[in-house]
Amino acid sequence: MDNKLLTSLFFSSILLTLATSSYAQNCPSHQFTSNNVFATCNSLPVLNSFLHWTYHTANHTVDIAYRHGNVANSDWVAWALNLGGQGMVGAQCLVAFRNSSGQIHAYTSPITGYQTQLREGSLSFGVPRISAEFVNGEMIIFATLELPSGRTNFNQVWQNGQVSGGALQIHGQTGDNIRSTGTVDFFSGQTSGGTGGVSASSRQRRRNVHGVLNAISWGVMMPMGAIFARYLKTFKSANPAWFYLHAACQTAAYAVGVAGWGTGLKLGSDSAGITYTTHRNIGITLFCLGTLQVFALLLRPKPDHKYRLYWNIYHHVTGYTVIILSIINVFEGFDALNGQKNWKRAYIGVIICLGAIAVLLEAITWFIVIKRKKTSSVSDKYPQANGTNGVNAYA
């Protein structure tokens, strides 16, 4: 046999042995300080994490030990089962970190939305025992789980992040932190993971598109259309241009807003367990009110019609309600766009700018209206002040 081939096989066998030895040291043969022994262990594919467990068929419970290596003293770690989804929303978490007194604190935390601070709470299944320890740069969570009846295969999620001022900070949004999802079957001993990056990234893109469409349409264009209608018509030279500007802006805002609303419905259907009830309900309300405004435009009476006053009242009340709810819901949406603080600051700047313009135009409008009233009053009192009857121009 060729010497080069023999050498290659020799070194390959050494590397394979070393890899196997490393795996054995990190998983099945790991020695816990409490001398706990688990029947099964799997190395999770990212974030230097390992899951040990022993499944008890008789009472359908599982004893687990989740190990997360290469973490700082001040980091938090979490491992979770997601019973109805594949990501963070709906995850039933086991969390551990070092608190301000220096003690390792382990607790349970159900996640109901993307914007979470991992607050303590009961899970959808029983956890009669939970504890944690920090050993040699590893945070280890021990727990007993009372699994939901009728199944042993679940989606799993694991994460880590920093703790600052006693508050758990958001985890990383790139790399392994968005690939730390998979499945685990406590009965067969099989796990999978690391395939969640594409779906998580795709979901994040859809959330961003949804946020941009709605912020621009409902949150910016709608207020701009109202500004055109309220202030431009004060100037006689702007008639009827103000009406076309108003109608065009609001129609475009409604069309883009419907597209954003549609992406929101898709996001909601793809995110099992999501509970952004306020954001969703306001969005549905906005869509209904916006649609009513569009149909009301088709039924708009002529300016001299006896019902025009009532139509104007309806149109103005509904329009201002839509604008107020739109701005509120944009901020509700920014809370869902985890970590997008720059977008929120930019939108606040836009709203402040529009508000300043509205205040300035409001002052100008009142000045013009008051001036016209004074002129009209003088004209009514002396109808022929510039006439030809008499030296003093009195009629």
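The protein has 6 helices and 12 strands; helices (H or I, at least four residues) and strands (E, at least two) are DSSP runs, numbered from the N terminus. Buried residues make up 39% of its 395 residues, where buried means under 20% relative accessible area, exposed over 50%, and partly exposed in between (1.4 Å probe, protein chains only).

A bit of housekeeping: residues are numbered from 1 along each chain as its sequence is written, and side-chain values use heavy atoms, with hydrogens and water left out. Since this is a predicted model, local features need pLDDT of at least 70 and side-chain atom pairs count only at pLDDT 80 or more, while totals for chains, interfaces and linings use all residues.

**The annotated histidines**

- UniProt, in an unreviewed entry, lists His-210, His-246, His-279 and His-315 under "binding site". UniProt positions are in the numbering used here, feature names are shortened, and annotations may be inferred rather than shown by experiment.
- From this set, His-246 and His-315 are in the lining of the second largest pocket. On a 1 Å grid over the protein atoms alone, a pocket is an open set of points with protein on both sides within 12 Å along at least five of seven lines (a cavity is a set where a 1.4 Å probe fits but cannot get out), and lining residues have an atom within 4 Å of a point.
- His-246 sits in helix H3 (residues 241-270), and it counts as buried because its relative accessibility is 14%.
- Setting aside residues up to four places away in sequence, His-246 touches Gly-225, Ala-226, Phe-228, Ala-229 and His-315. A polar atom of the His-246 side chain is 2.7 Å from the backbone oxygen of Gly-225, a polar contact (N or O atoms within 3.5 Å; within protein, one must be able to donate a hydrogen and the other to accept it, and residues adjacent in sequence count only if both atoms are side-chain atoms).
- His-315 belongs to helix H5 (residues 308-336). Beyond its neighbours within four places in sequence, His-315 is in contact with His-246 and Gln-293.

**Transmembrane annotation**

- The unreviewed UniProt entry puts "transmembrane region" at residues 211-229, 241-262, 282-299, 311-331 and 346-369.
- Residues 282-299 are 94% helix and 0% strand, with end C-alpha atoms 26 Å apart.
- Residues 346-369 are 100% helix and 0% strand, and here the end C-alpha atoms lie 34 Å apart.

**Strand E4 and its partners**

- In strand E4 (residues 75-82), 8 of 8 residues are buried. One side has Asp-75, Val-77, Trp-79 and Leu-81, and the other has Trp-76, Ala-78, Ala-80 and Asn-82.
- E4 pairs antiparallel with strand E9 (residues 153-164) over 8 bridges; two strands pair if DSSP finds at least two bridges between them. Asn-82 has Asn-155 as its bridge partner in E9.
- E4 also pairs antiparallel with strand E5 (residues 91-98), over 6 bridges, and Trp-79 stands opposite Leu-94 there.

**Strand E8 and its partners**

- Strand E8 (residues 138-146) has 8 of its 9 residues buried, so it is largely enclosed by the rest of the structure.
- Strand E3 (residues 61-68) pairs antiparallel with E8 over 8 bridges, with Arg-67 partnered by Ile-140.
- Strand E7 (residues 126-135) is joined to E8 by 8 bridges, again antiparallel. The E7 and E8 hairpin has 2 residues between the strands, and Asn-136 takes a positive phi near 50 degrees.

- Gly-189 is in the loop between strand E11 (181-185) and strand E12 (191-193), and it is buried at 12% relative accessible area.
- Asn-42, in strand E1 (residues 40-43), has a side-chain polar atom 2.8 Å from the backbone oxygen of Gly-189.
- E1 and strand E2 (residues 49-56) run antiparallel and are joined by 4 bridges; Thr-40 has Trp-53 as its bridge partner.

Methods
Contact means heavy atoms within 4.5 Å.
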